[in-house]
Amino acid sequence: GNVKKLCRAIEQSPNSVVITDNNWHIEYANKNFELSTDKPSARDEAPGKKIIDYMPYNLLKEDLEKISEAIQINGSWFNERQEEFEGKWYSFSISQIRTEEDEITHFVTVVQDITERKHAEVELHKQANFDPLTGLPNRRRAHEYLNAKLQDAWTSKHKVAVLYIDIDNFKNVN
């Protein structure tokens with residue numbers, strides 16, 4: 001019943017799901033692990049290999065011991081990284097599996113391709129801060145920039161000059 005349902009859910013997850021032992025050797029990988037590695041036989045070859053050495057989007061550059069320490073303290077570890085070659089973005093979520101005696105026996109790693117979301121965030125930032133016609137910073141962005149420069153000048157005791165030009169009826173031209 002519930003175990004079969006859980007197995008189907010993990011197998012059909014749109015994300016890559018990998019279960020490792022507490023030494024980071026892969027014990028299970030779902031079918032999307034194969035899709036994310038671009039190797040048709042990855043799922044069959046992965047068991048027994050270390051997760052850090054196997055994943056082609058080798059973005060877990062931190063030492064796995066440091067990640068393990070963070071997981072012991074926080075219960076989980078999360079990070080987002082951009083892959084170096086193709087520029088794809090991935091989110092990594094690693095959680096612990098503990099026994100009833102509170103011993104960590106396994107880790108569950110979920111990797112999600114978040115490239116589309118990151119591109120949408122960049123586009124939203126552009127729309128909120130830049131004029132679509134000229135590509136120049138809009139009023140909001142200009143105010144933020146000016147405030148930052150004034151703060152820098154205040155703390156460093158430097159001077160700042162601002163040139164403000166007001167063109168009458170510019171909206172008609174725009």
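Glu80, Arg117, Lys118 and Glu121 are joined in a network of salt bridges, where a salt bridge is a side-chain nitrogen of Lys or Arg within 4 Å of a carboxyl oxygen of Asp or Glu. The structure contains 9 salt bridges. This is a predicted model, in which local features need pLDDT of at least 70 and side-chain atom pairs count only at pLDDT 80 or more, whereas totals for chains, interfaces and linings use all residues. Residues are numbered from 1 along each chain as its sequence is written, and side-chain values use heavy atoms, with hydrogens and water left out.

| Pair | N to O distance |
|---|---|
| Lys126 and Glu123 | 3.9 Å |
| Glu144 and Arg140 | 3.7 Å |
| Arg141 and Glu144 | 3.4 Å |

Lys126 and Glu123 both belong to helix H6 (residues 115–129) and are 3 residues apart, about one turn of the helix; helices (H or I, at least four residues) are DSSP runs, numbered from the N terminus. Lys126 is partly exposed, with a relative accessible area of 45%, and Glu123 is partly exposed at 37%, a term for values between buried (under 20% relative accessible area) and exposed (over 50%), found with a 1.4 Å probe on protein chains only.

In helix H7 (residues 139–156), Glu144 and Arg140 lie 4 residues apart, about one turn of the helix, while Arg141 and Glu144 are 3 residues apart in helix H7. Glu144 is partly exposed at 34% relative accessibility, as are Arg140 at 46% and Arg141 at 30%.

Methods. Helix = DSSP H or I, 4+ residues; strand = E, 2+ residues; numbered from the N terminus.
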